[in-house]
Each structure stands twice: as C-alpha cells, then as structure tokens.
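Here is a short tour of salt bridges and a hairpin, to read alongside the model. Take a look at the structure first, and then follow the text below.

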Amino acid sequence: MRLTKTQEALEAFKKFVIQQSRSRLSKGNKNVSKELYNSLKGNVKEMPNSILLEFEMEEYGLYQDKGVSGTQKKYNTPYSYTTKMPPRKAFDKWIVRKGIAPRGKGGKFLSRQSLQYLIARAVYKKGIKPSLFFTKPFEAAFKRLPDDLVQAYSIGLEKQIQLNIKEK
C-alpha cells in the first residue's frame, strides 16, 4: 500500500522542524561553530506496514535544547551536573571563536587554561539554560500534524481503495 500523501505530510513536518530549529539556533547565539546547525537532519523511511520519521543531531544538541541543571541553579530537565565538571578542553575552541580575551583583575592577562577552568566551573555551578531550539518547533509542527496527517492518510487510503476496485 503506497502512502505518498502521508509521506509528503511527514516530509513537510520534517522540513519545518529542521528549518525552524536552525533559525532558533542562529537567533539564540548557540551557533558559534555551525557544527550543531549543520548536524540537524531528518529522515522519512517507508517500511512494509509503517513509515518511520527520525531526527539526528550532535549529542550536545540535546543538552543545549533541554538544558542541564547545575549544582547551584536547577532547571526542569532530566540532565544535571552532580560530581563531575564539564571538561575544560570543551571550551577551548569556543573561547577562540567568541574572541574572549582572558583578563584578570587590573587588565592582567590570564592563561587560556585558567579561563577554560573558570568557564567550566561556572557551567558546572549554573548549568546550561534550556534553549528549546528543537523542542518548540517540533511541538508547533506536531500540533498541526494530526490534521495534515489525517487528511493526507485519508486521501492515500481513498486512492488505494480506488486502485483495488479498478484491479477487480
């Protein structure tokens, strides 16, 4: 049974979610390296009795979207820092891309390792605020999806019934 209208509705859903997520990433100052932006992908696969829709992104995108609770500041998220700080090296390229000059009191320069440690400690304590760059577009598209999908599925089903009738 071919469900081309259903696939079209799911393709439109996928494109909307990815486009809006990328837009929110760019506006939300979360797109420094463009790595997460470029990793957002979706696939619609037809199976014998169903259709599969899946989304992919870099693993850290999940933490950017849902947020991470720190030791001092809590967010409504399943992720939290408890005993380990994030690795200092994770902030090295970010510091360079953002153009942050490591300076201490009185304008004295700090080492990059010191700045990495200070940022890692701040993230450990304060956490990562949820950006919902993926969640909001997904939920918005999902609210529209049932009507589109029901309409597309019924058209696809009608065509299949007509095809079966013609064959008999």
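Glu11 and Lys14 sit three residues apart in helix α1 (residues 4-27), so about one helical turn separates them. Helices here are DSSP runs of H or I with at least four residues, strands are runs of E with at least two, and both are numbered from the N terminus. This is a predicted model, where local features need pLDDT of at least 70, side-chain atom pairs count only at pLDDT 80 or more, and totals for chains, interfaces and linings use all residues. Residues are numbered from 1 along each chain as its sequence is written, and side-chain values use heavy atoms, leaving out hydrogens and water.

A salt bridge is a side-chain nitrogen of Lys or Arg within 4 Å of a carboxyl oxygen of Asp or Glu. The count comes to three:

| Pair | N to O distance |
|---|---|
| Glu11 and Lys14 | 2.9 Å |
| Glu54 and Lys45 | 3.2 Å |
| Arg112 and Asp92 | 3.0 Å |

Arg112 belongs to helix α5 (residues 112-126) and Asp92 to helix α4 (residues 92-98), so this pair ties together parts that are 20 residues apart in sequence.

How exposed are the partners? Buried means under 20% relative accessible area, exposed over 50%, and partly exposed in between (1.4 Å probe, protein chains only). Lys14 is buried at 12%, while Glu11 is partly exposed at 25%. Lys45 is partly exposed at 38%, and so is Glu54 at 26%.

Lys45 also stands opposite Leu52 in β2. Strands β1 (residues 41-46) and β2 (residues 51-56) run antiparallel, joined by six bridges; pairing requires that DSSP finds at least two. The two strands form a hairpin with four residues between them.
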